[in-house]
Amino acid sequence: MTQLEARPQAGDAVRDVPETGVRAKGLGGNSVGLMGSAVIGISTVAPVYCLTSTLGSTAGEVGLQMPAVFLAGFLPMLLVAFAYRELNRVMPDCGTSFTWTVKAFGPRLGWMCGWGLVIATIIVLSNLAGVATSYFWLLAGEITGSDAVAALDESKPVHILTCLILIAIATAISYRGMTATKGVQYALVGLQLLVLAIFVVMAFQKAGSGAFDTGIDFSWSWMNPFAVQSFAAFTAGVSLSIFMYWGWDACLTANEETTGSEKTPGRAALIAMVVLVGSYLATGIAAQMAVGSGDSGLGLSNEETSGNVFAALAGPVMGPGLGILLFVAVLASAAASLQTTFIPVARTVLAMSAYEALPPSYARVHPRFKTPGRATVVAGIATGVFYTVMTLVSENVLVDTIYALGLMICFYYALTAFACAWYFRRELFVSARDFVFKGLFPVVGGILLAAVFCKTLYDMWDPAYGSGSAVFGVGSVFVIGVGLLLLGVVLMVAMQRRSPAFFRGEVLTKETPALVVSD
């Protein structure tokens with residue numbers, strides 16, 4: 001035991017359960033309310049960053065049906081969100097997907113579900129740090145009016161050093177607890193949503209005045225997913241839109257630190273989802289009306305600008321004065337998400353350690369800040385090392401790692417959805433509500449995500465998927481995605497020898513009371 005962190009003995013958190021049926025992991029209870037929890041969910045998704053990086057590519061895949069595809073990607077996420085809500089009501093545990101899947105399907109499948117969440121989060125953290133770094137130097141160049149300052153991002157040493165500094169800052173804020181996190185997030189999320197609203201209003205104004213030759217009039221046919229030119233284009237667009245919604249479950253991983261842990265996180269997740277789909281639809285429709293979805297000029301699918309749509313539209317739509325706010329908003333979006341994305345990975349690792357699925361040292365909680373200190377710091381170090389190595393090895397490898405992210409997302413979301421239906425299988429016919437929210441919605445959401453998982457796995461085999469790199473004729477995205485999942489299997493086997501009790505099903509079972517924070 002150190003002066004800063006209390007270290008529980010392996011297994012005492014689940015075996016020495018008091019008469020109330022619960023035992024605290026040590027996290028700070030009642031630190032976040034409904035609004036704070038919803039803000040954390042929105043922040044983790046990083047809506048402004050997602051929009052600037054995917055509006056163009058989505059328009060390139062599905063054309064004018066982009067709003068319909070945003071809704072199509074929203075559907076499975078909404079259905080899975082109901083599964084999270086129902087599971088959280090009876091098991092408000094910060095391990096979320098890991099804990100729930102273990103209770104439903106057993107220790108091995110549950111361990112892999114937790115691994116899917118952890119590795120997906122590390123990939124996202126690395127990507128967000130890189131994006132925040134690039135926009136930091138881009139914004140600095142805009143403010144100073146110096147191309148030389150903006151070009152500093154092209155220097156690998158400068159880029160990596162800046163990236164590591166941003167990761168360290170985000171790690172430090174997350175380490176200091178949910179109260180510090182919440183305060184920073186209110187400001188950053190409020191800023192990006194305000195700037196996004198200004199952009200939408202001004203884009204509608206430009207569309208109404210016919211300011212751009214490529215602009216088009218609104219049509220309700222844009223909301224018809226069956227009008228997409230091919231099924232392949234549709235699935236590609238849905239894959240992109242699913243990525244745009246990933247991260248809302250951060251509301252649930254903070255459940256033990258939330259007021260009303262049984263109900264508040266689920267409600268916050270649904271609020272976050274509604275805000276996100278509303279923002280995406282409004283921005284997509286406004287941008288499409290203003291500049292069109294074509295591949296020329298300011299058109300959204302123009303290959304020269306589709307990777308960073310807001311950088312191309314900031315000046316033309318908002319003018320040189322207000323346009324810089326879009327750069328600030330993207331930087332704020334990436335920075336905010338970089339900080340909140342530590343929440344799910346650190347708390348999942350904490351729960352896995354508390355239930356003996358990982359070494360007990362990761363269950364250490366800071367006595368003052370009430371955060372999983374060791375898990376947070378290790379996640380920050382892993383993110384920095386991962387990004388540095390990938391950047392130095394090859395930019396293609398880094399890009400393909402990001403493409404492989406969709407596989408991890410669909411993997412653990414689908415498992416969690418199926419876990420809900422299986423866990424509540426004896427209650428499904430008690431009432432119509434139970435059948436719909438505990439069975440029908442989760443199963444349909446899980447099937448949809450499983451279908452996307454299989455289709456993505458198939459597409460990844462082709463070397464043309466992602467950067468175009470290949471390993472022995474197999475697409476590098478496939479190698480990375482499947483390789484990371486197999487790495488989880490290797491680590492699981494190693495942990496099985498170190499902690500056999502967990503894998504024998506003796507530590508965490510369906511009857512094991514949830515570990516929650518005492519009031």
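1. In this predicted model, the residue E356 has a positive phi of about 70°.

2. Helix α14 itself covers residues 342-354, which is 13 residues in length. From its first C-alpha to its last, α14 reaches 18 Å, close to the 18 Å expected at 1.5 Å a residue.

3. Is α14 enclosed by the rest of the structure or exposed? Buried residues account for 13 of the 13 in α14, so this helix is largely enclosed by the rest of the structure.

4. Two packed helices are described by the angle between their axes and the distance between the axes. Helix α17 (residues 405-423) packs with helix α18 (residues 432-460) at an angle of about 155°, and their axes are 8 Å apart. Because angles over 145 degrees count as roughly antiparallel, α17 is roughly antiparallel to α18.

5. The crossing of α17 past α18 is left-handed. What kinds of residues make up the contact of α17 with α18? There are 19 nonpolar residues, three polar ones and one charged one.

6. Finally, the cysteines may be considered. The structure contains zero disulfides. The residue C94 is buried, at a relative accessible area of 0%. C113 likewise counts as buried, with 0% relative accessibility.

Key
Residues are numbered from 1 along each chain as its sequence is written. This is a predicted model: local features need pLDDT of at least 70, side-chain atom pairs count only at pLDDT 80 or more; totals for chains, interfaces and linings use all residues. Side-chain values use heavy atoms; hydrogens and water are left out. Axes are lines fitted to C-alpha atoms, for helices over the stretch in contact, and angles run from 0 to 180 degrees between N-to-C directions. Helices (H or I, at least four residues) and strands (E, at least two) are DSSP runs, numbered from the N terminus. Angles under 35 degrees count as roughly parallel, over 145 as roughly antiparallel, 65 to 115 as roughly perpendicular and the rest as oblique. A crossing is left-handed if the near helix is turned anticlockwise from the far one by less than a right angle, and right-handed if clockwise. Ala, Val, Leu, Ile, Met, Phe, Trp, Tyr, Cys and Pro count as nonpolar, Asp, Glu, Lys and Arg as charged, and the others, Gly among them, as polar. A disulfide is a pair of cysteine sulfur atoms within 2.5 Å. Buried means under 20% relative accessible area, exposed over 50%, partly exposed in between (1.4 Å probe, protein chains only). The expected span of a helix is 1.5 Å times one less than its number of residues.
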